[in-house]
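Subject: Handing over the model

Hi,

Here is the structure I promised to pass on. Have a look first, and then read my notes below.

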Amino acid sequence: MKGKIKLKRFLQRSLDRSYLLLCHHNADPDSLGSAIAFARYLKSLGVERVRIGVAQSVSSYAKRLLVLSPVPVEKNPTVEEDVMVIFDTSSLEQLEPIEIPKGKTVILIDHHVEKERPIKADIAVVDSSRTSTAEIVWELFKYFDFVDEESARAILAGIVTDTANFRFANAKTFKAVGEILERFPLQMGEIFSLVAPVVDENTDNAKRMAVLKACQRLEIRKFRKYIIAISKVSAYESYACKVFLQLGADIAIVGSEKKGVRISARAKESLVKKGLHLGKIMEKVGPVIEGSGGGHAGAAGANGKVNLDKAIKLILKEIENFLRENG
């Protein structure tokens, strides 16, 4: 894995420096879990000044990981530290409004292919063959000879969610999971419960209200044999998308106009296997909403400032074009 030797050497001679670990907009368990695990590693080395920063918000199903963090997790922090370590983030737009001052050391750990405005990093550990950034962090920890159960728990949470409960996993994914479970007394049921999107009597009222409002505002489009669910909420967009898929939709698109524009989209595995890639569609949406977009084939999002309705129309047009050719 490129960059790991350089990263290890840098960390060994930089224990007296301060670190800010950064996560993208609406940080998911892969981004946040990777940052939490890395924070635990830095603390084990004796690094005293460590913070985790998230751009704008933490996703609803990642908030339960906060209890694993050994350091403060702050929204939109002002960068004061010497070193920025950026996780699961392929473009600067995904960090707005956080700005990286000149003269800081930037380290990037990611599994996405670089976009038009890639992050310029002094050290980059990027592997697009991995299904999650958490897997890359696990590979680094093996190389660093770092063993910590709580970090392993955060890493598994990132792997589970970024592979959609292993639906998009590959051989490397299962190898990493197997290695973790061999080393630590963890149960996968515990990890699934940690990040489960299921709505039940234990789900907090805010989530349940968001899902019910999303259902109330639901618009259903049928294109050939496929059902597309579209809605708007003020929060928990990705959560609502997952529920719509559970209810039977083939594709779900949920937007929000609270404090800017946020859009989440999800698709069933059968469409991903046919070639649908929501992440690439969201990249096209970025300029429309004056922001950025991206993600995985079956789960993607975009964050911006304006034009939610225009963006949803573009997403629908791209999806229908795909279904027309491949459905």
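Before the helices, a word on terms: axes here are lines fitted to C-alpha atoms, for helices over the stretch in contact, and angles run from 0 to 180 degrees between N-to-C directions. Helices (H or I, at least four residues) and strands (E, at least two) are DSSP runs, numbered from the N terminus.

The axes of α3 and helix α5 (residues 171-183) come within 10 Å and cross at roughly 50°. The two helices are therefore oblique to each other (under 35 degrees counts as roughly parallel, over 145 as roughly antiparallel, 65 to 115 as roughly perpendicular, and the rest as oblique). On the α3 side, the contact (heavy atoms within 4.5 Å) is made by Glu135, Trp138, Glu139 and Lys142. The α5 residues include Lys172, Glu179 and Arg183. By class, this contact has three nonpolar, one polar and seven charged residues. For those classes, Ala, Val, Leu, Ile, Met, Phe, Trp, Tyr, Cys and Pro count as nonpolar, Asp, Glu, Lys and Arg as charged, and the others, Gly among them, as polar.

Please keep in mind that this is a predicted model: local features need pLDDT of at least 70, side-chain atom pairs count only at pLDDT 80 or more, and totals for chains, interfaces and linings use all residues. Residues are numbered from 1 along each chain as its sequence is written, and side-chain values use heavy atoms, leaving out hydrogens and water.

Now for α3 and its other helix contact. Helix α2 (residues 29-44) and helix α3 (residues 133-144) have axes that come within 8 Å and cross at roughly 15°. That makes α2 roughly parallel to α3. Among the residues in contact are Phe38 and Tyr41 of α2 and Val137 and Phe141 of α3. The residues here divide into seven nonpolar, two polar and one charged.

Next, the sheet. Six strands form an open sheet in the order β3-β2-β1-β4-β5-β6, with parallel pairing (strands pair if DSSP finds at least two bridges between them). β3 (73-75) and β6 (123-126) each have a single partner strand, so one side of each has no neighbour in the sheet. From one strand to the next, the twist averages 20°. α3 packs on this sheet, touching β4 (83-87), β5 and β6.

Finally, what about strand β1 (residues 19-23): buried or exposed? Five of its five residues are buried (under 20% relative accessible area; exposed is over 50%, partly exposed in between, with a 1.4 Å probe and protein chains only). Tyr19, Leu21 and Cys23 point one way, while Leu20 and Leu22 point the other.

Cheers
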